[in-house]
Amino acid sequence: MRPPASSDRLAAVASKAVVGLLPKSAQHTGIRQNACKRIRRDNCVTASAQKEAPDWDAERLVLRKRTLKPNQLETLRKFEEEVAIGTVLHSEDGVALVEGLNQDAPLGTVVSFVNHAQGILLWRRGDGICLVLLTGGLPVKAGESAIPQVKAILQVADADEGPKTKRSYNVARVPDGNALAGAVVDWQGRAMGTDSTPPQTSDWPLISPQMDIAQQEDVHEALYTGVKAVDVLTPLGRGQSLLVAGPKGAGKSSLVLDAILGQRDTGVRCIYAATKHTAEQVSELSDTLQRKGAMAHTTVIFAPPSSPPAQRFVVMCTAVALAERARSKGDHALVVLDDLTGMVDLWDSTSSWIGAARSGTAVVADGDKVQYEGMLISAAAAEGRRFFSSILQRSGKSHRKLGGGSLTLLGVVPGMPAAGQPKPRAAAIAQYTTLSDAQKAKLLAALERQVAAATPAAAPAHVPGMMPTEVVEELMSIADGQVVLHKDADATVGVDARLSISRIGSRAYPPALAALAPSIRLQLAQAVDAARFGSESQVLQEQQGVLTRFKAALTQLAGHPVPLEELVALLVALQRGAFQDVATEVLQMRLRIYVHFLRRTRAQELRSIAATQTLTDSEAAALSDAYQAVCQQFEWN
């Protein structure tokens, strides 16, 4: 191949060619000179480009010589590929306790065992002992080896620290939530009773790192549930975790199911982790959701109550993972965990296995005191709080720069907190010098009878199927609030206004309720305190009437969430003194008549409240006038 001509030769040849093409009359003009200069300049640029074409192989060689020492990356690669080999300490109920796994392996990492069994890293304690869920169906034995599966070795050239390598691990993943909408599946995405999985286009890690503070925003939006007592007494905000506690038969499952029904047509994705119901009950639940028009935006993750605690716990992890996927896309999600017993049982079993396996060889004994979130507590309590927080504190609202999505969590706790029963102070009564001993004894007995009548009897320390009181209070201290349900002596179910609380406060109210609900809650709390501690008969009678009226007004049928505009109308009427001296049954009937009257005569105001979630002065006046009109029409007192 001939070498390229120099730029001068190319320019000369081109000039002669142009001169030959120009007419003779123009050869003595400046046109010929300009054309020659232009062609000479273009050819010079072309020749220069040909001469300066980079040699990329040479450039890469120079970069390597400048940044890397001979065989440095090869040495580091071999070092990183030598993963730590863990040892099985104990294996039971589909769970293996493994010690010695790589500390940089994240939660959710796939773990391989020497007998070809596989598992998923669910939790790592502070002392390095890992909780691994066995997924392959093959058992493992104590003393066998286990290693985390390394996906790749990442190599990074850092200008300050030099070359670095990093392991990337294989992590367990679950199908995208959109593919599972309207389905009842297990934690692996398989339809209940089958091995088939719905078609999916993407997946999400089973366990993701929790959002840090910079990625979150304060909870300031309401997630309206349609449950009157919850929306008035303990409002739920988007991004909040709220526990629903109570004894058996108190209506906990009905409450959380109504919360899902209340999200119809709101755009909120719902994920229901069903771990306390049988397959037949889950089928009935999905039929109810389908019949009420709420199954299209709901996914049910199922594990039978007879399954081991680890299987029930991984169902909770899957439900949270699907909600995190929705939040990452800027959507809003509601997670319902219908029974937290599986999480508590798993931790109790793990603690007992570790205590038996390590035989006091731990660096920090479980009884030693450690600093945890500003508290000085035992090491065992700190480990337990970290484990429970891995589920309960995954709720949150992402920053608007990240899409502004939210993950709201409702967790069902079968149990009751401490009642906080006041005890008559005998020592204080003894200081009254003007009373005789008989009078003091009589006063003390009267106070004891009053306390016993005003406060429900304390539950036994442990009831089968119920969490211990100290565990219930531990979970409540981690969450953002709780709704405590109770059963009265007449078997009626209601919300305990004294024990129920939302730590988000009034920010979780819809604007239409923000000016109404706090005053109703205050009056109800005053009535409860008066019933417990009041002594004047007239005051007790008045406050008992307020308590009965408010409790009846906030009662509703299961499976019928109340729209926001109807609740606003009810609170407006209650503030105006409506439904006084009326029996509970009559109050419910009058309330239905009042709502029907509003739908016929004040439909425009109700539609405006529903659309804007606000209440103007004119709308409040219209609702108040409507109540006066219905009272006159039906001759209510």
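Is C631 buried or exposed? I looked this up first. C631 is buried, at a relative accessible area of 9%, where buried means under 20% relative accessible area, exposed over 50% and partly exposed in between (1.4 Å probe, protein chains only).

I note the basis of these entries. The model is predicted, so local features need pLDDT of at least 70 and side-chain atom pairs count only at pLDDT 80 or more, while totals for chains, interfaces and linings use all residues. Residues are numbered from 1 along each chain as its sequence is written, and side-chain values use heavy atoms, with hydrogens and water left out.

I then turned to another cysteine. C270 is buried, with a relative accessible area of 0%. I found zero disulfides in the structure, a disulfide being a pair of cysteine sulfur atoms within 2.5 Å.

For the whole protein chain, I recorded 20 helices and 23 strands; these are DSSP runs, helices being H or I of at least four residues and strands E of at least two, numbered from the N terminus. Of the 637 residues in the protein chain, 45% are buried.

I next examined helix α13 (residues 469–478), whose buried residues are V471, V472, L475, M476 and I478. Seen down the axis of α13, these fall within an arc of 160°, so they line one face of the helix; the arc is that of the directions from the helix axis to the C-beta atoms.

Last, I checked contacts (heavy atoms within 4.5 Å). In the protein chain, among contacts between residues at least 6 apart in sequence, 70% join residues at least 24 apart.
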